[in-house]
Amino acid sequence: MSVLVYISTQDGKATKASLEVASFAKNMNSGDVIALVSGDISGDANLGSVGVAKVLHYSDTVTDNSQLSKLTQAAASATGASVIVFSGNNEGKAIAPRVAIAMSAGYVSGVTSLPEGKTFTRNVFSGKATAAINVNSDVSVISISPNSFGIKSEGEEAAVESFSAELGPQGVVLNGFTPTSNNGSVPLPEAVRVVSAGRGLKGPENWGIVEDLANVLGATTACSRPVGDMGWRPHHEHVGQTGITIRPDLYIACGISGAIQHLAGVNQSKVIVVINTDPEAPFFKAADYGIIGDVFEVLPKLTEAIKAL
Amino acid sequence: MKLLVCISKAPDTTSRIAFTDGNTRFDESGVQFIVNPYDEWYALVRAIELVEANGGSVTTITVGDASCDPIIRKALAIGATDAVRIDAIPTDSVHVAKLISDYVKDKSYDIIFAGKETIDHNSSAVPAMIAECMGLPYVAFATSIEVEGSSATLNCETTGGINNVTVNGAFVLSATKGMAEQRIPNMRGIMSARTKPLTVVEASNMTASTEVNAFKLPPASGDCVMVDSDNVAELVRLLREEAKII
């Protein structure tokens, strides 16, 4: 028995999301964890440190999800894996369903905790409920909701073997990539801490206090939909129903009232702090900690207090 | 241009979420259903814009029973040319993708659109699965599309940035924010939607690869602990000692 994990790398090392996938797979206790890596790799891409037994390395860089699906199928067949695990990021969500169809396997998207047998738990209804899903097929394909499991260190250097497969034609050609994450901060879907602000900030020129707090916390900044729509902040910072869904450990909402569409994107956060002048703001009902007050006064004080730790 | 848009019925965002049949089924009683917003605002509207600019047709396709007809009429009112409904209760994403692919495979659509996910199951799986079933390229999380002849150039969201990609020939895409703006159907659209063709197709039987064991509502969240705005240090202490988060 083995579990195959699909790994993305950056500068030859497994990304944070991918280390989480491998760590999850190891903790499933369903046999050896075999990692599939394509493109650049440095050493074992740090995969041994999270319990991967063996790395299969395809040397060319592949970007088309049809080809990546074929590569994954070939690796799954070669290793006889009974479970194939992807990150539930945009890349994983584009490849994993293809693999499931090609292998006649059941697919569970956005898994949030370790399975019981072949029953996997995931969030549904935009975080308003969970569903336990039974997989009936021999092989299960799953994707893991980012930042739901974390990374547990265990293990030594993993063996790296070169691997090749017939990938078929390239369907989608990548012309270029434009990064959107600000000054190298963690992308929102993977962020452990997020500081988010809304119309209560009154204008884009006031975002300095939000960024200062984010900096001392090592957090990623986000915003509400009106702020993105008005062009105060870039669209890729918009969290909510129609924006990005996040599940950080800590979400600090500044001057956001907490409309249900906003909550749908952030209600899986482990701890929510709300700062708002309006005591009736619906967000307080969903919050763990609240301060009724002016963000222009509270945020600088909070930044100083955290700096003093 | 011959375009297909996958349209799903979804509970309105403000719906009360409850379950029935031993917590294995969503309780639809009293729930207002809408066109899944990603399917409507981004996929459907952009497909209609492309046909308005280049000529052709936009067909919507839905897997579901007759309770889907009102939301299909809404899509027709917004501007779709005609509609197909595959008459089956969808069980999971594999089921939906296979039914759609089986129906579509000999109909040579140029582009198959879907929203990036539905707001009930949030799987982001059906469009990728249709692409695999039909052996077509797939562009996920597209924020824009421009078409020239048989070639399309798209921007799409990926981890930490935007990919710019090109695809030649037929393909499948999932649409997200940025693709188009929401359109409100006008009276003429609503009137004409009543007589636009809605074809109902029988579904073939298939074995489910997954099934819902049980739905569960999250435990009620505890009360919000209020901290005085003059005592920010207390919030920091709570985050450190109680929540153990910083």
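Author: Welcome! Two residues are in contact if their C-beta atoms, placed from the backbone, lie within 7 Å. This is a predicted model, in which local features need pLDDT of at least 70, side-chain atom pairs count only at pLDDT 80 or more, and totals for chains, interfaces and linings use all residues. Residues are numbered from 1 along each chain as its sequence is written, while chains are lettered from A and ligands numbered from 1 in the order in which they are written.

Reader: How many residues of chain B are in contact with chain A?

Author: Look at both sides of the contact. Chain A brings 74 residues to it, and these meet residues of chain B numbering 63.

Reader: Which are the edge strands of the open sheet of six strands?

Author: The order is β14(A)-β13(A)-β15(A)-β16(A)-β17(A)-β15(B), with parallel pairing. An edge strand pairs on one side only, and here that holds for β14 (220-223) of chain A and β15 of chain B.

Reader: Which residue of β16(A) stands opposite Ala253(A)?

Author: Strand β15 (residues 250-254) of chain A is joined by five bridges, in the parallel sense, to strand β16 (residues 271-276) of chain A. Across from Ala253(A) you will find Val274(A).

Reader: Are α3(B) and α4(B) parallel or oblique to each other?

Author: Residues of α3(B) including Val94(B), Ala97(B) and Ile100(B) meet residues of α4(B), among them Met129(B) and Ile130(B). The helices pack at an angle of about 45°, with axes 9 Å apart (axes are lines fitted to C-alpha atoms, for helices over the stretch in contact, and angles run from 0 to 180 degrees between N-to-C directions). Angles under 35 degrees count as roughly parallel, over 145 as roughly antiparallel, 65 to 115 as roughly perpendicular and the rest as oblique. The two helices are therefore oblique.

Reader: How many residues of β8(B) are buried?

Author: A residue is buried if 20 or more other C-beta atoms lie within 10 Å of its own, exposed if 12 or fewer, and partly exposed in between. Ile111(B), Phe113(B) and Gly115(B) are buried on one side of β8(B), and Ile112(B) and Ala114(B) on the other. So strand β8(B) is mostly covered, and of its five residues the buried number is five.

Reader: Which residue of β12(B) is the bridge partner of Ala114(B)?

Author: β8(B) runs parallel to β1 (residues 2-6) of chain B, with three bridges joining them. β8(B) also pairs over five bridges with β12 (residues 171-175) of chain B. In β12(B), Ala114(B) is bridged to Ser174(B).

Reader: Is Phe141(B) buried or exposed?

Author: Phe141(B), in strand β9 (residues 138-148) of chain B, has a positive phi of about 60° although it is not a glycine. Because 24 other C-beta atoms lie within 10 Å, Phe141(B) is buried.

Technical notes
Helix = DSSP H or I, 4+ residues; strand = E, 2+ residues; numbered from the N terminus. Pairing = 2+ DSSP bridges.
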